[in-house]
Amino acid sequence: MITRLNNSLNNLVNNQSASGIAIFLAVLAAMIWANSPFQGSYQDFIHTEISIGVGSFSLSETLLLWVNDGLMAIFFLQVGLELKREIIGGKLSSFRKAILPIGAAIGGMVVPAAIYLIFNFNAATEHGWGIPMATDIAFAIGVLSLLGDRVPAGLKVFLVALAIVDDLGAVLIIAIFYTSGISYVDLLHGVLFILLLVGGNYIGVRKAWFYALIGIGGVWLAFFFSGVHPTIAGILTAFTIPGRVKIKEEDYLKNLQKLHLKFLETKAIKGNFISEEQLGILEEIKQKSDDAETPLQKIEHHLAPIVGFFILPIFALVNTGIHIHGDIIEILSHPVSMGITFGLLVGKFTGILGAGWLLVKLGLAELQQEVSWRHISGVAMIAGIGFTMSLFITELAFQKEEYTFIAKLTILFASVLAGVIGVIILRQSGKTAQVIN
């Protein structure tokens with residue numbers, strides 16, 4: 001009974017669709033709270049001052065800023081780890097594997113930005129062009145997972161790879177276009193800490209605490225004071241974490257077999273305890289098993305539930321408590337709203353589908369077995385679920401509260417619509433591949 005319960009909990013924690021549900025519940029809670037008679041307490045909550053210090057050094061920020069600047073750096077750390085793993089030996093490890101999702105992701109970023117600028121060119125709201133470029137990986141995969149075996153496995157592979165590239169694109173956009181007032185001295189300090197992490201990787205340091213201590217205490221703080229958004233520190237730190245095993249699989253298995261036989265040959269103490277010799281053998285097995293894992297995968301595995309069930313839900317809770325007021329028709333017809341809506345719904349769809357079709361037509365890429373163009377169409381629409389990253393870029397793009405309000409409300413509206421339309425397309429597509437020339 002206990003084993004079954006543990007297995008169920010593990011499956012839940014490692015299930016990305018469950019993470020999407022947790023985020024959705026956080027959004028629902030935030031919207032109800034912000035539109036209830038207790039809306040004032042919501043504002044007090046997100047603007048609560050929190051101080052963290054050691055000795056005479058102290059940082060004091062609101063809860064909202066700690067979440068957006070601090071906890072989201074951990075989210076980007078996980079994104080960086082996933083991206084590095086895919087480049088080393090996954091979906092992006094070869095040109096043939098990578099070209100379709102990379103090309104589709106680029107198309108799905110460029111076209112939405114262009115559409116947004118059509119509605120906001122030379123306006124005070126022009127700086128929001130990055131908002132409709134993003135895809136929320138947790139929500140998008142969660143929506144796709146709801147369809148179960150109605151869609152081929154290769155489609156999820158395509159969406160995951162596309163969303164990872166999309167996230168990297170968002171990071172680069174934030175670093176280049178949404179950063180101002182740079183302190184180059186602090187930025188240099190950050191670079192030096194990154195080089196220290198690279199050196200640790202090179203000489204074989206595999207302890208997670210080393211990368212966590214320097215990544216948070218060095219890189220993150222340096223970027224925080226430099227003016228470059230500190231979440232960039234997360235993805236840069238991720239690329240320094242070792243993605244190699246210390247012991248090869250065949251050597252690990254040989255060692256394991258020897259230690260297993262040695263354990264059986266030793267005499268055990270009667271009762272619940274084992275001998276000191278057996279204890280030593282078990283510790284050696286643990287060490288060998290640790291050497292057979294990459295620090296990258298180990299950290300990524302432990303971060304996944306923290307990010308999926310704590311960081312992203314709390315990000316949603318403090319960023320989506322939108323007090324709905326004013327004329328909804330007027331709001332949704334505002335240039336910001338039009339740019340985001342058409343960017344996420346039309347731009348993402350045409351950008352991803354168009355770029356993907358062009359790459360296949362040129363012979364540079366090919367669709368996976370059982371994946372049809374209708375499947376790609378459904379995923380291209382689901383990729384219009386901007387949510388987390390779109391909300392994040394909104395906070396960086398706009399200083400005026402009116403524009404932030406319009407953008408956030410529109411992101412919620414357009415993301416829900418993109419998910420619903422995407423599911424309808426995929427439900428009608430079936431699993432049979434269709435060839436379209």
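Modeller: Contact here means heavy atoms within 4.5 Å. The model is predicted, with local features requiring pLDDT of at least 70, side-chain atom pairs counted only at pLDDT 80 or more, and totals for chains, interfaces and linings using all residues. Residues are numbered from 1 along each chain as its sequence is written, and side-chain values use heavy atoms, with hydrogens and water left out.

Biologist: Which residues is L144 in contact with, leaving aside its neighbours within four places in sequence?

Modeller: L144 is in contact with V151, L155, K156, L159, V379, I382 and L426. L144 is also listed, with F75 and F387, among the residues that have the most contacts inside the largest nonpolar core, a core of 120 residues. Such a core is a set of buried Ala, Val, Leu, Ile, Met, Phe, Trp, Tyr and Cys residues joined through side-chain atoms within 4.5 Å.

Biologist: Which helix gives the most to this core?

Modeller: Helix 7 (residues 153–177) does, with 13 residues. Helices are DSSP runs of H or I with at least four residues, numbered from the N terminus.

Biologist: Why is S377 called buried?

Modeller: Buried means under 20% relative accessible area, with a 1.4 Å probe and protein chains only. S377 has 13% relative accessibility and therefore counts as buried. S377 lies in helix 16 (residues 373–382) and touches F349, L353 and I425, not counting residues up to four places away in sequence.

Biologist: What makes G356 buried?

Modeller: The relative accessible area of G356 is 3%, so G356 is buried. G356 belongs to helix 15 (residues 335–361).

Biologist: Why is helix 10 described as largely enclosed by the rest of the structure?

Modeller: Helix 10 (residues 231–238) has 8 residues, of which 7 are buried, and is therefore largely enclosed. Its buried residues, among them T231 and G234, pack against helix 4 (63–89), helix 7, helix 8 (184–203), helix 9 (208–226) and helix 17.

Biologist: Why are helix 13 and helix 17 called oblique to each other?

Modeller: The axes, lines fitted to C-alpha atoms over the stretch in contact, have angles running from 0 to 180 degrees between N-to-C directions. Angles under 35 degrees count as roughly parallel, over 145 as roughly antiparallel, 65 to 115 as roughly perpendicular and the rest as oblique. The axes of helix 13 (residues 295–319) and helix 17 (residues 387–397) come within 11 Å and cross at roughly 50°; the two helices are therefore oblique. The contact is made by L312, F315, A316 and N319 of helix 13 and F387, T388, L391, F392 and E395 of helix 17.

Terms used. Buried means under 20% relative accessible area, exposed over 50%, partly exposed in between (1.4 Å probe, protein chains only).
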